Amino acid sequence: MKRLLQKEVLRLIGLALLGAILGAFWGQAALGAACVLTLLLAQHVWQLLRMAHWLQNPDDTPPEARRLWGDIFDGIYHYQRRQKTAKQQLSQLLERIQDSSQALRDGIVMIDHNGDLEWWNQAAEQMLGLSANSDRGQPITYLLRNPKFVDYYEQQNYLDPLMMPSHLNEERMLEYHITLFGKNERLLLIRDCTKMQRLERMRQDFVANVSHELRTPLTVLAGYLETFSDYADELPARWQRGLKLMSEQSARMEHLVSELLTLSRLETSEFKAEAEPIDITQLLTCISNDALALSGHKHKIQLEVNKLLQLRGNINELRSAFSNLVFNAVKYTPEGSTITLSWYYDNAGAHLTVQDNGQGIDGKHLKFLTQRFYRVDDSRSSQTGGTGLGLAIVKHVLLRHQGRLEISSTVGQGSCFTCHFPASLMCLTPSQS
Ligand code: ADP
């Protein structure tokens, strides 16, 4: 380009000199040079006009020209071609993305920074009953008015999806999951979970039915075993040992069935909170007395409670969850251990901590502890009559109270189980509130 410019300047000077020489024959050297330069200027203006005309009709072939203008036209022409190809590739890619999203069975909805519907695929159209003509640009909360969805949308905490029946068909269960992107724009993914929900319900019903059906035969067996045990002294020693084992195992099975029933009740029944706030201090006192009885007073239980702090919830469920934690602390710590129950609140809400100074749990087990039937040490658990369902029950109870369980433990130092409850369930007696 630099060379071209140099050439063009030399040409300009050369032609101006030629004009001046020709003009000198008539004694008008300056006029001669001026005439030549005017002609050159007119030529450039003409080329500019040609370029302007061509740019207005970019599909036409570029104007023919030589030297500098020829290079300019060529350069623009090639730039245009490159742009055209890139545009074509981009629109093809966009079309493919749109086609593949249309083919998805999950619904996708793009929501702009104002919360208005921008684009959606066919599945979303069908799941939400959207219409391209009337709904584009409408606020999403105007179309999905269920308070649960509005809360989920406005909370902006989109870590977990929201499961809710479809507003078009109550029997259809939809899972809504929002992701934030760009400048406060949102992508809403909708999945039909009706089948999964049905299977889950079948599993729950199956477990509940089997547990329920096992209850009667087990009660009969346990009853007879108890009667036989009364006459155990009259039986040969070999039979006595068998009878003792049978009694232990039937008690264990009864415990297992009862925990399975508790779990399925927690999974299937509606949550019912007590009308009055629950006096947790009183509840903890009862549980610690039961725990002392279970330990034969061989453990030390300390209560550090805020007596004025109460909780709105379901007393039976909370008793079951807290007892599980305290009885575990008795079962899995050696005699002489100290168990501390703390009930307090802070800005985040109310908390119950069950801390022991027992042998602790290896870190690798911690995240599995709330899974059903998970036990750290099978042999120890069967000695203690453990089923592996206790912490699963605790987790479910807390979930129903919008809370969560936190477990920390150090081998050789002890474990700490904390139940966190939201501030909305907390209640302080008048002297503190
Ligand atoms: P289980 O009915 O076997 O007690 P849980 O779900 O209540 O079942 O507990 C799961 C496992 O967690 C137990 O098998 C036990 O190994 C471990 N565990 C629970 N609490 C404690 C504790 N305080 N100290 C040590 N280990 C514990």
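Me: What is the strand order of the open sheet of 5 strands?
Reply: Strands of a sheet pair through backbone hydrogen bonds, either parallel or antiparallel. Here the order is S6-S8-S9-S11-S10, with mixed pairing. Strands (E, at least two residues) and helices (H or I, at least four) are DSSP runs, numbered from the N terminus, and two strands pair if DSSP finds at least two bridges between them. The model is predicted, so to speak of local features needs pLDDT of at least 70, side-chain atom pairs count only at pLDDT 80 or more, and totals for chains, interfaces and linings use all residues. Residues are numbered from 1 along each chain as its sequence is written, and side-chain values use heavy atoms, with hydrogens and water left out.

Me: Which are the edge strands?
Reply: S6 (300-305) and S10 (404-410), each of which pairs on one side only.

Me: In what sense do S9 and S11 pair?
Reply: S9 (residues 349-356) and S11 (residues 414-422) are antiparallel, over 7 bridges. Thr353 has Thr418 in S11 as its bridge partner.

Me: How many bridges join S10 to S11?
Reply: There are 7, and these strands run antiparallel. Ser408 is bridged to Cys416 in S11. The hairpin of S10 and S11 has 3 residues between the strands, and Gly412 takes a positive phi near 90 degrees there.

Me: Which helix lies across S6, S8 and S9?
Reply: Helix H10 (residues 280-295), running at about 175 degrees to S6. Axes are lines fitted to C-alpha atoms, for helices over the stretch in contact (heavy atoms within 4.5 Å), and angles run from 0 to 180 degrees between N-to-C directions.
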